[in-house]
Amino acid sequence: MAFLLRRLAGVVPTLFGVVVAAFILTRLLPGDPAVFFANSVTADAVTIAAVRQKLGLDLPLWQQFLVYAGQLLRGDLGQSVGTGQPVATDLLRLLPASAELTLVAFALAILVAVPLGVAAALRPGSVIDHACRLLSTAGVSLPTFVSGLLLIYIFYYQLGTAPEPIGRIDPFAIPPPGITGFLLIDTLLAGDTAGFAAAARQIVLPAVTMALFALAPLARMTRASMLGVLGSEFIRTARANGLRRRKIIVSYALRNALLPIVTTLGMVFSNMLGANVLVERVFAWPGIGSYALDSLISLDYAPVQGFMLLMATIFVLVNLVIDLLYAVIDPRTGLFHA
Amino acid sequence: MREKLALLRYILAGNPVTLLALAMLVLLLGCAILGPALVPYDPIATNTASALQPPSATHWFGTDQLGRDVFSRVVVAARLDLAIAFAAVLLSMALGSVFGAAMGYFRGWLDTAGSRGTDVLMAFPLFVLAMAMVAALGNSVSSVVYATAVINLPFYIRLARAETSIRRDMGYIEAARVGGSGHARILRVFLLPNILPALVVQASVNLGWAVLNTAGLSFIGLGVRAPTPEWGIMVAEGAQFIVSGRWWIAAFPGAALMLAVFCFNLLGDGLRDIVDPRSRT
């Protein structure tokens, strides 16, 4: 428990740094916000000065920062000019789309990469080992936006099995009542199996695109880590004692190889948050990445800032969870006892 | 000199994959240096009469929506993409190694402040940070270089710091100190050359990321702008034609991108094997 508190306290300076960084970045952004909020480029100097005063832009920088931090504490991320909504509302509305895509892709990547890495480590030099190496090298080298387009070409244009890459649901379909915001879950809760199938068809290609990208480092790390553990003496002893193969591999080897794999998971998740922007762009997926990008291109900076803060916060929390997982996986790290 | 060549040949004979990567690197550098002089067509000259043609003998990679030759554009783009990647990686390696080595050597408040700084940088998904930085610095090629350099900086800082702090108390450093060398001289003459191999391996892998990052940024409309031939922009322009089956506009620049990243990754792996054979996975 003391560890938990200490670890939570350790998050605070990083989050503070993130807020400072986001604040500095937006103050660097080109264009005068006062002119922007005066809603006219030709506004006279008096109007601009008035708006400047109203927005608090005439204050010294540190006071502006305090005001900004105060707004953040109240959950106020500013207004989006593009949608006319508070940024926090927009982000909350769009987050489920991105989260659904990322989590499905993440699950897919783990389900493929870990067994593949284990199989490759069990038979180094075999066909499956080479397949693992090929897949992981290709996955690292292939940019997500290229592999996404490739999948669209093959499965939409050539084979016709995938639906048109235009978002989460068919534009004419009626969305299910939003309970969780995850279409796959909402359709099931509403008992709408056809809707579920349609949503699943839409998510397959973007999720596979993202999973391909996440697969490589995971499979590679699983293989390396498993190889290391399989060569150790307690595995030899377990074998000599005649334990069943499955038991040796799963509960002896994999369990001990898990730590570096979990570390890689955290890294992969962070990369996926970034790759989200590109994948959402390719598949016209209406998530927070698309939202941030549209805002960035139309010089609407509050959403970009909100998006960055949200991403950084998610990432810091994911790292926290991973640190806690360490303690669960390997009690010897002593995190709960020390 | 001859001995070094013999050693190189010996190492490469044991690493056919690294040899392949070197060959690809030569091809890429050849395109980057000689490309504009070699290509059959002007990469930005439009010719609507021959728009959207599939690959053929006259247009090896086909033509795009404005009738520009895709092959010429792909080859010419190598110069810009590689130049951005090399500039960014050199910049972040130079800054990161000096800063990281100083942190590892002097420790104290410098180390604490620097480590906190890198923690904050690493707390952002790197591509998102690059996006915001390019927007903040202005939509230009130099902003892409700076943004790419900054997002790679933490890796060099951490590496240089770790490598320096395991060496700072070793005998030969102490000997240098006793011999009257100042801090600057110890860092420059005794520490940096020793941590350089690890940094070079990191640089090779980072070159691949830098190429991906540059192309990703221009794919979403940041940094390099049309009609400049650049792989990311070309993929973005070709994206709208994919759904109607005109694959060649996006596929060839995409393949070039993949080739470049693949090459740098293999090279990085090969270098790592040579520098530190134990870390082979």
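**Reading helix packing and chain contacts in a predicted two-chain model**

Modeller: In this predicted model, α11(A) and α12(A) pack with their axes 8 Å apart and at an angle of about 85 degrees.

Biologist: How are α11(A) and α12(A) oriented to one another, roughly parallel or roughly perpendicular?

Modeller: Two packed helices are described by the angle between their axes together with the distance between those axes. Angles of 65 to 115 degrees count as roughly perpendicular, and α11(A) is therefore roughly perpendicular to α12(A).

Biologist: Which residues of α11(A) and α12(A) meet?

Modeller: From α11(A) come Asn276(A), Val277(A), Glu280(A) and Arg281(A), and they meet Gly289(A), Ser290(A), Ala292(A) and Leu293(A) of α12(A). By class, the residues of this contact between α11(A) and α12(A) divide into three nonpolar, three polar and two charged.

Biologist: At what angle do the axes of α5(A) and α9(A) cross, and is the crossing left-handed or right-handed?

Modeller: The axes of α5(A), residues 87-122, and of α9(A) come within 6 Å and cross at roughly 35 degrees, and the crossing in which α5(A) passes α9(A) is right-handed. In the contact of α5(A) with α9(A), the residues divide into 27 nonpolar, two polar and two charged.

Biologist: How many helices and strands does chain A have, and how many does chain B have?

Modeller: Chain A has 13 helices and zero strands, while chain B has ten helices and, again, zero strands. Of the 338 residues of chain A, 36% count as buried, and for chain B the figure is 49% of 281 residues. As for the reach of the contacts along the sequence, residues 24 or more positions apart account for 69% of the contacts in chain A with a separation of 6 or more, and in chain B 71% of the contacts between residues at least 6 apart join residues at least 24 apart. The C-alpha trace of chain B spans about 75 × 50 × 30 Å along its principal axes.

Biologist: How many residues of chain A are in contact with chain B?

Modeller: The size of an interface is often given as the accessible area lost when the parts come together. Here the description is by residue contacts, with 41 residues of chain A in contact with 34 residues of chain B. Two or more residues each on the chain A side are given by α1 (2-28), α6 (127-141), α7, α9 (193-230), α11 (245-282), α12 (288-297) and α13 (301-329) of chain A. The largest share, eight residues, comes from α11(A), and by class this side has 32 nonpolar, six polar and three charged residues.

Biologist: Is Ile179(A) buried or exposed, and with which residues is it in contact beyond its neighbours within four places in sequence?

Modeller: Ile179(A) lies in the loop between α7 (144-158) and α8 (183-189) of chain A. It has 10 C-beta neighbours inside 10 Å, and because a residue with 12 or fewer counts as exposed, Ile179(A) is exposed. Beyond its neighbours within four places in sequence, Ile179(A) is in contact with Asp186(A) and Leu189(A). Ile179(A) and Leu189(A) are ten residues apart in sequence, with their C-alpha atoms 8.6 Å apart.

Biologist: Which confidence scores go with the model, and what is the mean pLDDT of chain B?

Modeller: Where pLDDT is low, the predicted coordinates should not be read in detail. In chain B the mean pLDDT is 82, and 97% of the residues reach 70 or more. For the model, ipTM is 0.80 and pTM is 0.83.

Methods
Residues are numbered from 1 along each chain as its sequence is written. Chains are lettered from A and ligands numbered from 1 in the order in which they are written. This is a predicted model: local features need pLDDT of at least 70, side-chain atom pairs count only at pLDDT 80 or more; totals for chains, interfaces and linings use all residues. Helices (H or I, at least four residues) and strands (E, at least two) are DSSP runs, numbered from the N terminus. A residue is buried if 20 or more other C-beta atoms lie within 10 Å of its own, exposed if 12 or fewer, and partly exposed in between; C-beta atoms are placed from the backbone. Two residues are in contact if their C-beta atoms, placed from the backbone, lie within 7 Å. Ala, Val, Leu, Ile, Met, Phe, Trp, Tyr, Cys and Pro count as nonpolar, Asp, Glu, Lys and Arg as charged, and the others, Gly among them, as polar. Axes are lines fitted to C-alpha atoms, for helices over the stretch in contact, and angles run from 0 to 180 degrees between N-to-C directions. A crossing is left-handed if the near helix is turned anticlockwise from the far one by less than a right angle, and right-handed if clockwise. pLDDT is the predictor's confidence in each residue, from 0 to 100. Angles under 35 degrees count as roughly parallel, over 145 as roughly antiparallel, 65 to 115 as roughly perpendicular and the rest as oblique.
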